[in-house]
Amino acid sequence: MSMERQQIPDPLYTLRGDMEAIHCLFYQLGTDSEYILASTQNGTIYKWNLQTCREDFRFQVGDDACLSINYIDNLFISQTKGGEIKFWEETNGTWELKAKVFSEYWGFCKIDTFSGKFLVCPESGSNIRIVDLNGKIVRRLCNGGKEKCGEIMAIKCFSLLGTEYIFVLCENGILTIFKACGGKVCDLKVMSDCPMALDFDGESKGVVGGSGDVLVGFQLTSDLQLVKGRQAVITNKGVSCVAIRPDKKLFVAGCWDCRLRLFSMKSFKLLVVLQNHKEVIQDICYSSAKVNSFNSQWLLAAAGKDGRITLWDLYS
C-alpha cells in the first residue's frame, strides 16, 4: 500500500548545524549511548547524539572530502577523496591517528569491510585491494582493467556459508562477484546507464541504481550465479544511493532530484516519495538494531549536499 499525498509524514527529526555537504552516515549504537556520525565535504566528521539530537563532537580527518566512515576492532576508519585511508582510536574525547594507507584511487567509491579485520578498497584501473588493520596490503584482485570496465563505482562485501565474497560494480554496468580469498565467481550486465549505487540483503537479492531512470533488482542463485530481477522506473533520472532495510521487506533510493523513494523489495512497487531535502541525496542508511531514542526498530537516516540529516521511521 502507498501513502496518500495528505498522509505523507514529516521526518521524526532533522539534524541541522553548520555541516557542509554530507557524503556518509554511520550509526554507532551502544547499550547506554546512541550516535550517528556524518562525514562531510571539508574533511570533518560530526558525531550527533541521538538521545539529545545535539552535536557532541567534531573532528577533522583531512583537508579533502571524507567519503566514508567505518568502525571495526575499536578503530574508526576514514576514507578521504584522493585515496587516503586513516585508522583512528577514540580516546578522551578525541581521535588519535594509529595508521594510514594510500589506495591510489581518485573516484567516489566507498570502501567496505569484512570479517571484522579487513578493508576492501578500490584502486584505479577497476582493481581492488584488500588491506588489514595495520594498512598492509593482503591481496589484490584484478577486474579486467579500466579500458574494459571503467572505474569502480561501488563495492559490497557479504558472507555466505562461511565464505567471504565481494561485489564489484563498474562503470560499464557489469556487476562481478569475487571470493575475498581470490578468484572471480560470476558477473552480470545489470544496466546500460552508469551505475552509482548498490546494496545486497546478505542472502539472495540486491538493488542497483544509476544515472538513468531505472532501478534494477538482481538475484544470487543457489549455485552462485547472478540473474536480473524486477525493475522500477522513477520520474526523474539519477540515483546516488540505495539501502535495503534489515528485514529485507523494503528498500529506499536517494535520488538526484532531492527525493527519497521507498519501494517494496518483493514487488518493486513504489510506496512513497519523500521530499524534505533541498539538494541531492548522497547517503542513506538503516540502523542495524533498535534505536531507543526514537523507539525505532530500523531508523532510516538520509543526508546530502544540503548538510542536513533527516531521520525516519516508515512502515514499521
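Colleague: Which residue in S4 is the bridge partner of Ala38?

Modeller: The bridge partner of Ala38 in S4 is Tyr46. Strands here are DSSP runs of E of at least two residues, numbered from the N terminus, and two strands pair if DSSP finds at least two bridges between them. In this case five bridges join S3 to strand S4 (residues 44-49), and the two run antiparallel. The model is a predicted one, in which local features need pLDDT of at least 70 and side-chain atom pairs count only at pLDDT 80 or more, while totals for chains, interfaces and linings use all residues. Residues are numbered from 1 along each chain as its sequence is written, and side-chain values use heavy atoms, with hydrogens and water left out.

Colleague: What is the order of the strands in the open sheet that holds S3 and S4?

Modeller: The order is S2-S3-S4-S5, four strands with antiparallel pairing; at the edges are S2 and strand S5 (54-60), each of which pairs on one side only.

Colleague: How many residues lie between the strands in the hairpin of S12 and S13?

Modeller: Four residues lie between them, and in this hairpin Gly135 takes a positive phi near 85 degrees. Strand S12 (residues 128-132) and strand S13 (residues 137-141) run antiparallel and are joined by four bridges, with Leu141 in S13 as the bridge partner of Ile128.

Colleague: Into which domains is the protein divided, and how far apart are the C-alpha centres of domain 1 and domain 3?

Modeller: Domain bounds come from an automatic or database domain assignment, which here gives domain 1 (19-82), domain 2 (103-189) and domain 3 (190-315). The C-alpha centres of domain 1 and domain 3 lie 21 Å apart, and 16 residues of domain 1 are in contact (heavy atoms within 4.5 Å) with 22 residues of domain 3.

Colleague: What area is buried between domain 1 and domain 3?

Modeller: Buried area is the accessible area (1.4 Å probe) that two parts lose on being put together, summed over both. Between domain 1 and domain 3 it is about 1400 Å², of which carbon and sulfur atoms give 64%. In domain 1, Ile22, Leu25 and Tyr27 lose the most area to domain 3, together 42% of what that side buries.
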